[in-house]
Amino acid sequence: ALAARLAQELGVDLRMETAFNLPDIFTKLQRHQADIAAAGLTLTEQRQASYSHTTPYLNSTPLVVSVADSVQPRSIPDLAGLKIVVLAGSSHAEMLHSLQKNEAPDSQWEEIDEADTLQLLELLNNGQADLAIIDSNEFTAQQSLYPRLQFAFELTKEQALVWYLPP
């Protein structure tokens, strides 16, 4: 609805195309196969260096999510030895790489390609992962589907969500 209103305001036709993972979104922008990426994307230093972006439209916090009756990490060092899943190419994967270098050298995770947040929550709910890293706005929207899941702690501080434009 918001993209349709923007197109109407600009006097252009709206054509929406689906990208099935985060790397595909940025590849389409890089190749100028898309004019805008409107997909709940976090503003990161790495992305900001390569792409123009809108002003932030929402803030969200990366959450460490767990199953209520299982292991409950409370801080970054507690992540060691646990099976963590994140979306491939996500800002969460970038964060984990940084944390691994600086604060949690023993942490490991699996980057799930061709997936969305719901699929990460399914892996967690089905016992195929110990933890998932999910943005707070997405977890709030989907938590009712997974009553056994809860957030363990905030991985980092609140982050801005933006739309990206081609370089």
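Asp 69 is exposed (over 50% relative accessible area; buried is under 20%, and partly exposed lies in between, with a 1.4 Å probe and protein chains only), its relative accessible area being 64%. The model is predicted, so local features need pLDDT of at least 70 and side-chain atom pairs count only at pLDDT 80 or more, whereas totals for chains, interfaces and linings use all residues. Residues are numbered from 1 along each chain as its sequence is written, and side-chain values use heavy atoms, with hydrogens and water left out.

The side chain of Asp 69 meets that of Arg 148 in a salt bridge at 3.8 Å, N to O; a salt bridge is a side-chain nitrogen of Lys or Arg within 4 Å of a carboxyl oxygen of Asp or Glu. Because Asp 69 lies in the loop between β3 (62–67) and β4 (84–87) and Arg 148 in the loop between α6 (136–142) and β7 (149–154), the pair ties together parts 79 residues apart in sequence. Helices (H or I, at least four residues) and strands (E, at least two) are DSSP runs numbered from the N terminus. Arg 148 is partly exposed, at 38% relative accessible area.

Four salt bridges are found in the whole structure. In one of them, Arg 15 pairs with Glu 17, with the closest N and O atoms 3.0 Å apart. Arg 15 is exposed, at 66%, and Glu 17 is partly exposed, at 47%. Glu 17 also forms a salt bridge with Lys 28, with the closest N and O atoms 2.9 Å apart. This pair links Lys 28 in helix α2 with Glu 17 in the loop between α1 and α2, 11 residues apart. Through shared partners, Arg 15, Glu 17 and Lys 28 are joined into one network.
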